[in-house]
Amino acid sequence: MAGNDPLQDEEVVVTADQVGDVEDISPKDRARLTMAYLVLAGVGVLVILSWIALVLGPEARQTQAQVFFDFTRAFGPPLVTLVLGYYFRDSQS
């Protein structure tokens with residue numbers, strides 16, 4: 001039964017022709033991934049900028065910075081969830 005042992009290592013032989021063979025993603029998936037990346041990066045930048053404005057902003061602008069921070073904190077996570085849910089839901093089918 002040593003030949004049927006599932007934990008036994010198998011030898012993998014890769015020829016010189018197979019080195020560097022990479023399957024590219026489709027243009028549709030690449031566009032969706034780029035869109036998801038841009039939306040997530042944009043939301044991340046907005047959250048970071050609103051936090052910086054809240055922490056380092058002048059006292060006269062604290063209420064406006066707090067409103068902006070609350071807005072980004074309120075709309076950021078749902079938008080991220082929607083983008084990730086759309087991308088991963090369709091990518092598994």
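Is Leu 49 buried, partly exposed or exposed? Leu 49 counts as partly exposed, at 49% relative accessibility; buried means under 20% relative accessible area, exposed over 50%, and partly exposed in between (1.4 Å probe, protein chains only).

The model is predicted: local features need pLDDT of at least 70, side-chain atom pairs count only at pLDDT 80 or more, and totals for chains, interfaces and linings use all residues. Residues are numbered from 1 along each chain as its sequence is written, and side-chain values use heavy atoms, with hydrogens and water left out.

**Fold and surface**

The protein has two helices and zero strands. Helices (H or I, at least four residues) and strands (E, at least two) are DSSP runs, numbered from the N terminus. Of its 93 residues, 12% count as buried. Contacts (heavy atoms within 4.5 Å) between residues at least 6 apart in sequence join residues at least 24 apart in 56% of cases.

**Salt bridges**

Side chains of opposite charge can pair when their charged atoms come close. A salt bridge is a side-chain nitrogen of Lys or Arg within 4 Å of a carboxyl oxygen of Asp or Glu. A search of the whole structure finds two.

| Salt bridge | N to O distance |
|---|---|
| Asp 29 and Arg 32 | 3.6 Å |
| Asp 70 and Arg 73 | 3.5 Å |

Asp 29 and Arg 32 are three residues apart in helix H1 (residues 27-56), so about one helical turn separates them. Asp 29 is partly exposed, with a relative accessible area of 29%, whereas Arg 32 counts as buried at 11% relative accessibility.

Helix H2 (residues 62-91) holds both Asp 70 and Arg 73, three residues apart, about one turn of the helix. Asp 70 counts as partly exposed at 29% relative accessibility, and Arg 73 counts as exposed at 52%.
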